Amino acid sequence: MGSYQLIRENIYPQALDLQGNNSTLRIHGRERGADDVESAIPKLDSSSSPRLAAGAKECRNAASSSIASASGTTRLVSLDVFRGLTVVLMILVDNAGGCFPSINHSPWNGLTLADFVMPFFLFMVGLSLGLAFKNLTCRGAASKKAMIRALKLLSLGVFLQGGYFHGINNLTYGVDMYQIRWMGILQRIAIAYFLAAACEIWLRSDDKVNSELSLLRKYQRQWVVVLMLTALYLLLVYGLYVPDWEYQIPIEASSSGKVYSVKCGVRGDSGPACNAVGMIDRKILGIHHLYGRPIYARTKQCSINSPDYGPLPPDAPSWCQAPFDPEGLLSTVMATVSCLVGLQYGHIIVHFKDHKARLLQWFVPSCCLVALGVIFDLFGMHINKVLYSFSYMCFTTGAAGILFSAIYIMVDVYGYRRLTVVLEWMGMHALMIFILVACNVVPLILQGFYWGQPHNNILTSIGIGAHA
């Protein structure tokens, strides 16, 4: 039997590592006795003999065990609370936005309460990745797990938001593949998650971190990706030429309908009709696969009830009813930057254990991002959620960092958890709540029970969906 060393890690006090020859065996548990250690040594000794087999086994299981240990033994409570608070905000704006349009998504330029939900989620996805992959051993296995998880989110998003469920007051289901919506909230999160995970797995050095400068050096290649994605977005948005285009609105079930022509012939326009974000989606995804109820239909040019939906004004421009996806391809490029910035906040948790050091390195960059967003907005690069403009990314990501810092002080520094226990639970089950509530799964189930006629159902009896 070889020589072995028993190590109790500082980060995960519930885990014991037995190291010997060429392999490591980890024992999990809060109160493990000597019997557990002695019984584990023969397993370690037998597995360390064939070096090649041990290495292969370690590569298969390393990413899984590191992710499990990061999420299972040391959950960051403030992250769960922040996620739960964002879920509450999402439910609030989804259900009250129709009654109070001022908190609903901004029709175009500007910022409302609802416009913070998406960047907050992306910020938290990145921050979580920094914690989940901090003990990475096998890059191939970790990449496979990240790809599988992203594909699951992508498929779930297409199923829930591609048109299969038609909505309240419509008991039919199923989607015409010629009109399915390919992009959506979960699809955007899936893309940002995978790209950020790939950066975390493959684009970091093995340097030790003992200062802010060494932290920057360790992850400098990830910052290069941030700069490249930002430059790509800005070049395409302000450099692509947008020609004239047209679209057709079908009349009832007929395939034919009125054709509307939109005059553009411009470059670098950030208005609803002639921006490069919409042009790329129309060219690549196809106009029939975009979101059919565009947010700019609530602008003053397109609605007499602005900032709410309403009838078209007599002089409404031709683009008012054109499909437009708020989670399109080019805007997802900048959304991924929000996720990558959140990833760097996660690195601060991993490498710095002092509360003051963490808060300082969160708060200062967050304030700088907010200020940068305001400055760019004042100079004409307007804050715009639909386009996911650079100023919007800066302002909302900075706001996410400030809010997270405040929650961290309250929950993890001072330990005030009684007031946040519900938010913590909601944060731990955010995906389930999103599917059941935000994707109308629960309302559709309740609506399916009716008396006499489909419109006589539980929801309409309490005033929900009666006029949808």
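Asn384 is located in the loop between H11 and H12, where helices (H or I, at least four residues) and strands (E, at least two) are DSSP runs, numbered from the N terminus. The model is a predicted one, in which local features need pLDDT of at least 70 and side-chain atom pairs count only at pLDDT 80 or more, whereas totals for chains, interfaces and linings use all residues. Residues are numbered from 1 along each chain as its sequence is written, and side-chain values use heavy atoms, with hydrogens and water left out.

With a relative accessible area of 1%, Asn384 is buried; buried means under 20% relative accessible area, exposed over 50%, and partly exposed in between, with a 1.4 Å probe and protein chains only. Not counting residues up to four places away in sequence, Asn384 touches Trp108, Asn109, Ser389 and Tyr392, contact being defined as heavy atoms within 4.5 Å.

The loop between helix H11 (355-378) and helix H12 (390-413) also holds Tyr388. Tyr388 is not a glycine, yet it has a positive phi of about 50°. Its relative accessibility is 0%, so Tyr388 counts as buried.

Tyr388 is among the residues touched by Leu122, the others being Arg188, Ile189, Ala192, Ala335, Ser338 and Cys339, again not counting residues up to four places away in sequence. Leu122 belongs to helix H4 and, at 0% relative accessibility, is counted as buried. Although Leu122 and Cys339 are 217 residues apart along the chain, their C-alpha atoms are separated by 4.8 Å.

| Residue | Relative accessibility | Class |
|---|---|---|
| Leu122 | 0% | buried |
| Tyr388 | 0% | buried |
| Thr230 | 10% | buried |
| Asp315 | 67% | exposed |

Thr230 is part of helix H8 (residues 220-239). Leaving aside neighbours within four places in sequence, Thr230 is in contact with Met334, Val337 and Phe390.

Asp315 lies in the loop between H9 and H10. Its C-alpha atom is separated by 8.7 Å from that of Cys302, 13 residues apart along the chain. Pro307 is found in the loop between helix H9 (276-284) and H10, and the peptide bond from Ser306 to Pro307 is cis, with omega near 15°.

Two helix pairs may now be considered. Two packed helices are described by the angle between their axes and the distance between the axes. Axes are lines fitted to C-alpha atoms, for helices over the stretch in contact, and angles run from 0 to 180 degrees between N-to-C directions.

How do helix H4 and helix H10 pack? Helix H4 (residues 117-132) and helix H10 (residues 329-351) meet at an angle of about 40°, and their axes are 6 Å apart. That angle makes H4 oblique to H10; angles under 35 degrees count as roughly parallel, over 145 as roughly antiparallel, 65 to 115 as roughly perpendicular and the rest as oblique. The crossing of H4 past H10 is right-handed; a crossing is left-handed if the near helix is turned anticlockwise from the far one by less than a right angle, and right-handed if clockwise. H4 contributes residues including Leu122, Phe123 and Val125 to the contact, and H10 contributes residues including Ala335, Ser338 and Cys339. The residues of this contact divide into twelve nonpolar, six polar and no charged. Here Ala, Val, Leu, Ile, Met, Phe, Trp, Tyr, Cys and Pro count as nonpolar, Asp, Glu, Lys and Arg as charged, and the others, Gly among them, as polar.

In the second pair, the axes of helix H5 (residues 139-161) and helix H14 (residues 430-438) come within 11 Å and cross at roughly 20°. H5 and H14 are therefore roughly parallel to each other, and their crossing is left-handed. Leu153, Leu156, Leu160 and Gln161 in H5 meet Leu431, Phe434 and Ile435 in H14. By class, six residues of this contact are nonpolar, one is polar and none is charged.

The buried residues of H14 are Ala430, Ile433, Phe434 and Ile435. Their cover includes helix H3 (77-96), H5, helix H6 (185-202), helix H13 (421-428) and helix H15 (441-447).

Taken as a whole, the chain has 16 helices and seven strands. Of its 468 residues, 47% are buried.
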